[in-house]
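Subject: Structure for you to look at

Hello,

Here is the structure I said I would pass on. My notes follow below it.

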There are 2 protein chains.
Amino acid sequence: MMPISSDQLLSALNWRYATKKFDPAKKIPAATWAALEQSLILAPSSFGLEPWKFVIVTDPAVKQKLSAASWNQTQPADCSHLVVFAFKKDLGPEAADQLIARTVAARGGTAAALDGYKGMILQSLAGAKAGGYLDTWQSRQVYIALGQFMTAAALLGVDTCPMEGIAPAQYDELLGLAGTPYTTLCACAAGHRAADDKYAAATKVRLPAAEVIKRV
Amino acid sequence: MMPISSDQLLSALNWRYATKKFDPAKKIPAATWAALEQSLILAPSSFGLEPWKFVIVTDPAVKQKLSAASWNQTQPADCSHLVVFAFKKDLGPEAADQLIARTVAARGGTAAALDGYKGMILQSLAGAKAGGYLDTWQSRQVYIALGQFMTAAALLGVDTCPMEGIAPAQYDELLGLAGTPYTTLCACAAGHRAADDKYAAATKVRLPAAEVIKRV
């Protein structure tokens, strides 16, 4: 692994902003997009349960409808690729069995050797369900993938705009998620900023470091 | 901005894994750590509200106690820097005023010109509080920062381990967050893998792309 420099990282993070206006003519090249899809697939999640579905929308008619289902914000229609982040509701014990099965498939060994690990997962899932925070817990994992995706995009020179101001139920209908275990949480438009998006040049607004960083 | 290549990105994401055993002798160089702190500060959040506090723990005695408050997992004690991710509970309308004030301070103009934007934030906060999902919403933002931090670390050649298996109330006590508006959500150990961490070489386990990616 060849690390990048701190300067490369920071120049990308400072270049990134929540793009308000995308250039609809500029599409993300296929090889770049393939890498960004990998950044979604490779995102870490609690226990590795991957309680998510990433819907990649490029169909112009659907993108237009998703803009309408987003308070008429233009990013879904105008971006190159819209990623809709969905999570699996009411994650059940079968998720633990499936994780153990794919671990054995990838790494060899036996499922029995992973019984202790499986027990921990089952206990966590059951505790979260009994405590009423199962969906909260699993939905948070999706935001790890969102964070990884936006950081990866910035480093590849791709603009993004995270969007929570959307109508999840309408998204679910339009994307065929309604009636499945998955439901829309948020979206992220990806593509290239329009030359006249005035927010591109706006000074970044952040709390002073001393207010967000505490040292112990 | 000079983008990195897709190969650089993917080599870092494939190199990353949830480090089980850190080498306690290997510390993150100061310049690298400064960049990683910036990755926390520059993380995006809903409306830019930054509803978070990042506690950076390097004190050996506290790190030891945090390991004890983490089911005796060794990562908090053995890592170079432990980041504890906390969020602000019950975020009130003053958060909107403060955001508008710092926007004006950074970009100029008047607070009055941002009244429409402020109204949207206040409406969202009030709606979330009335709907009982205010803390769920704000706590998810913290996971964007967690995702950005882990991705940034991997690109700089720094190992991480995200940790939810911790006792938040004990963390709050040990870190001086108890009695403040902030509460611990999760942690992320950062440093360098021990030479004998057998998980470093384990094949990555992931669902087939077709199960997590849906194309529309």
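In chain A, β1(A) and β2(A) run antiparallel and are joined by six bridges. Strands (E, at least two residues) and helices (H or I, at least four) are DSSP runs, numbered from the N terminus, and two strands are called paired if DSSP finds at least two bridges between them.

Before the rest, the conventions. This is a predicted model, in which local features need pLDDT of at least 70 and side-chain atom pairs count only at pLDDT 80 or more, while totals for chains, interfaces and linings use all residues. Residues are numbered from 1 along each chain as its sequence is written, and chains are lettered from A and ligands numbered from 1 in the order in which they are written.

The sheet

A:Phe54 has A:Phe85 as its bridge partner in β2(A). β2(A) also pairs with β4(A), in the antiparallel sense, over eight bridges, and there A:Val83 stands opposite A:Cys188 of β4(A). A:Phe54 has a bridge partner in the other chain too, B:Ile213 in β5(B); β1(A), residues 52–57, and β5(B) pair in the parallel sense over three bridges.

The whole is an open, mixed sheet of five strands in the order β3(A)-β4(A)-β2(A)-β1(A)-β5(B). β3 (159–163) of chain A and β5 (213–215) of chain B are the edge strands, each with a single partner, so one side of each has no neighbour in the sheet. On average, neighbouring strands are turned by 25° against each other, direction ignored. Angles run from 0 to 180 degrees between N-to-C directions, and axes are lines fitted to C-alpha atoms, for helices over the stretch in contact.

In a regular strand the side chains alternate between the two faces of the sheet. From β2(A), A:His81, A:Val83, A:Phe85 and A:Phe87 point one way and A:Leu82, A:Val84, A:Ala86 and A:Lys88 the other, and all are buried. Buried means 20 or more other C-beta atoms within 10 Å of the residue's own; exposed means 12 or fewer, partly exposed in between, with C-beta atoms placed from the backbone.

Cores

A nonpolar core is a set of buried Ala, Val, Leu, Ile, Met, Phe, Trp, Tyr and Cys residues joined through C-beta atoms within 7 Å. The largest has 104 residues, of which A:Phe85, A:Cys188, B:Phe85 and B:Cys188 touch the most other members. Apart from it lies another core, of 10 residues, including B:Phe47, B:Ala96, B:Leu99 and B:Leu134.

A helix pair in chain B

The axes of α5(B) (94–107) and α6(B) (115–131) come within 9 Å and cross at roughly 155°. The two helices are therefore roughly antiparallel (angles over 145 degrees). B:Ala96, B:Leu99 and B:Ile100 of α5(B) make the contact with B:Lys118, B:Ile121, B:Leu122 and B:Leu125 of α6(B), contact being C-beta atoms, placed from the backbone, within 7 Å.

Between the chains

68 residues of chain B are in contact with 68 residues of chain A. α7(B) gives the most to the side of chain B that touches chain A, with 13 residues.

B:Leu9, in helix α1 of chain B, counts as buried because it has 26 C-beta neighbours inside 10 Å. Leaving aside neighbours within four places in sequence, B:Leu9 is in contact with A:Ala35, A:Ser39, A:Ala152, A:Leu155, A:Leu156 and B:Ile4. The C-alpha atoms of B:Leu9 and B:Leu155 are separated by 7.1 Å, with the two residues 146 apart along the chain.

Regards

Notes. Angles under 35 degrees count as roughly parallel, over 145 as roughly antiparallel, 65 to 115 as roughly perpendicular and the rest as oblique. Two residues are in contact if their C-beta atoms, placed from the backbone, lie within 7 Å.
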